[in-house]
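Subject: Structure handover

Hello,

Here is the structure I promised to pass on. My notes on it follow below.

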Amino acid sequence: MKELYSGEVGLFQNGLLAAIYAALTMFLSPLSYGPIQVRISECLTLLAFYDKRWVPGLTVGCLLSNIGSPFGITDMVIGTLATFLGVFPMHWCPNVWVASLLPVVSNGLLIGGELYYLAALPPDLSVGAAMAYIGLGELISVTVLGPVVMRVLRKRKII
């Protein structure tokens, strides 16, 4: 099932993936940043399940996209770390569904915590609620949308 890509994943391919991830995030910026977000570009993180050599492109793509974040350097560091922690161990997962939960957890915890402390959230919103909102957005993007996107990319032999 992991045979999504059989060729070499090199610097050019990772650079292209980083650019696509960042462009998609920035183009859809109203959905990509904030306490309630569904970062559509995160569906691409499942590429790391199929081939760990996609991890650099996904990580750099997140770094570049967080340049546009209202939280600047903090989001560049914490957001990039959250994505890296979500995608790096994916290739050890037994299936795509388990792999899809890694970014949900890493982003939910780290980005939810970051937003709780940095954003002007309503005072009655707990840190757990902030984490749950971010995790839910990740669940929609990675666990629901991600497998559909991977199936389309695989069927059309785009990657």
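**A residue in α6**

Leaving aside residues up to four places away in sequence, V104 touches G135, E138, L139 and T143. Contact here means heavy atoms within 4.5 Å. V104 lies in helix α6. Helices are DSSP runs (H or I, at least four residues), as are strands (E, at least two), and they are numbered from the N terminus. V104 is buried, at a relative accessible area of 13%. Buried means under 20% relative accessible area, exposed means over 50%, and partly exposed lies in between (1.4 Å probe, protein chains only). V104 and I67 are 37 residues apart in sequence and 21 Å apart in space, C-alpha to C-alpha.

Residues are numbered from 1 along each chain as its sequence is written, and side-chain values use heavy atoms, with hydrogens and water left out.

pLDDT is the predictor's confidence in each residue, from 0 to 100. The chain has a mean pLDDT of 92, and 95% of its residues reach 70 or more. Over residues 1-6 the pLDDT is below 50. That stretch has 17 contacts in the model beyond near neighbours in sequence. Where pLDDT is low, the predicted coordinates should not be read in detail.

**α5 against α6**

How do α5 and α6 pack? Helix α5 (residues 72-87) meets helix α6 (residues 96-118) at an angle of about 160 degrees, and their axes are 7 Å apart. That makes α5 roughly antiparallel to α6. Axes are lines fitted to C-alpha atoms, for helices over the stretch in contact, and angles run from 0 to 180 degrees between N-to-C directions. Angles under 35 degrees count as roughly parallel, over 145 as roughly antiparallel, 65 to 115 as roughly perpendicular and the rest as oblique.

The crossing of α5 and α6 is right-handed. Right-handed means the near helix is turned clockwise from the far one by less than a right angle; left-handed means anticlockwise. Residues in the contact include T74, D75 and I78 of α5 and L102, P103 and S106 of α6. By class, the contact of α5 with α6 has 9 nonpolar, 6 polar and 2 charged residues. Ala, Val, Leu, Ile, Met, Phe, Trp, Tyr, Cys and Pro count as nonpolar, Asp, Glu, Lys and Arg as charged, and the others, Gly among them, as polar.

**α4 and its partners**

α4 and α5 pack at about 155 degrees, with axes 8 Å apart. They are therefore roughly antiparallel to each other. Their crossing is right-handed. V55, L58, T59, C62 and L63 of α4 meet M76, G79, T80, T83, F84 and V87 of α5. This contact of α4 with α5 has 7 nonpolar, 4 polar and no charged residues.

Helix α1 (residues 11-27) packs on α4 at about 35 degrees, with axes 7 Å apart. α1 also passes α4 in a right-handed crossing. Among the residues that meet are N14, L17 and A18 in α1 and V55, P56 and G57 in α4. The contact of α1 with α4 divides into 11 nonpolar, 5 polar and no charged residues.

**V87**

Buried or exposed? V87 counts as buried, at 1% relative accessibility. V87 is found in helix α5. Not counting residues up to four places away in sequence, V87 touches T45, A48, V55, L58 and T59.

Best wishes

How values were computed. Predicted model: local features only at pLDDT ≥ 70, side-chain atom pairs only at ≥ 80, totals over all residues.
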